[in-house]
Amino acid sequence: QVQLAESGGGSVQAGGSLRLSCSVSGYTYPKYCMAWFRQAPGKERERVAQVDGDGLTSYAESVKGRFTVYRDSAKNTLYLEMNSLKPEDTAMYYCSPAQPATILRCLEYKFWGQGTQVTVSS
């Protein structure tokens, strides 16, 4: 029922920028968390950025100051603005919704789309 469609990935040089988009459908909670994850080959999926049910944002330390997450609730769309990209940012990027728990805390992320590939070269 839940459908997620990520887009906006591509190949860029180190220091470049990309803007990822995630279109969400079938998730009808009036307030919910949304987050961006990434996964590189042979590594676990890690959370990159999150918007909780109250709109508060949090970031992985590795991307803080370079990435910005924001959402358009009316359009059910989540964005990730990525600046000053580094080769270690290379991964498949996914978005996912979850129910809120407490401030800056969300329940398990369970729904995934196909992802969008980000490749950063030196």
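**Note on the pocket, sheet and salt bridges**

1. Strands β5 (46–51) and β6 (57–59) each contribute at least two residues to the lining of the largest pocket. The model under review is a predicted one.

2. The space in the largest pocket amounts to about 150 Å³. Its lining consists of Arg47, Val48, Ala49, Gln50, Ser58, Tyr59, Ala60, Leu104, Arg105, Cys106, Leu107 and Tyr109. Sorted by class, these lining residues are 8 nonpolar, 2 polar and 2 charged.

3. An open sheet is built from 4 strands, in the order β1-β3-β8-β7, with antiparallel pairing. The edge positions are taken by β1 (3–7) and β7 (67–72); each has a single partner strand, so one side of each lacks a neighbour in the sheet. From one strand to the next, the twist averages 15°.

4. Within this sheet, strand β3 (residues 18–25) pairs with strand β8 (residues 77–82) in the antiparallel sense, over 6 bridges. Serine 23 has threonine 77 of β8 opposite to it.

5. The salt bridges come to a count of 4. One of them joins lysine 31 to aspartate 54, with 2.7 Å between the closest N and O atoms. This pair connects distant parts of the chain, 23 residues apart: lysine 31 belongs to the loop between β3 and β4 (33–39), and aspartate 54 to the loop between β5 and β6. Lysine 31 has a relative accessibility of 47% and therefore counts as partly exposed, whereas aspartate 54, at 55%, counts as exposed.

6. Arginine 38 takes part in a salt bridge with glutamate 46, at 2.9 Å from N to O. With a relative accessibility of 6%, arginine 38 counts as buried; glutamate 46 is partly exposed, its relative accessible area being 37%.

7. A salt bridge also forms between arginine 38 and aspartate 89, whose closest N and O atoms are 2.9 Å apart. Aspartate 89 is located in the loop between β8 and β9 (91–98) and arginine 38 in strand β4, so the pair ties together parts that lie 51 residues apart in sequence. Aspartate 89 and arginine 38 are both buried.

8. Which residues are linked in a network of salt bridges? The network comprises Arg38, Glu46, Arg66 and Asp89.

Definitions and conventions:
Residues numbered from 1 in each chain as written. Predicted model: local features only at pLDDT ≥ 70, side-chain atom pairs only at ≥ 80, totals over all residues. Heavy atoms only, no water. Pairing = 2+ DSSP bridges. Axes fitted to C-alpha atoms, helices over the stretch in contact; angles between N-to-C directions. 1 Å grid on protein atoms, 1.4 Å probe; cavity = no way out; pocket = protein on both sides within 12 Å on 5 of 7 lines; lining within 4 Å. Points joined across faces, edges and corners; volume = space filled by probe spheres on them. Nonpolar A, V, L, I, M, F, W, Y, C, P; charged D, E, K, R; others polar. Salt bridge = Lys/Arg side-chain N within 4 Å of Asp/Glu carboxyl O. Buried < 20%, exposed > 50% of the residue type's maximum accessible area, 1.4 Å probe, protein only.
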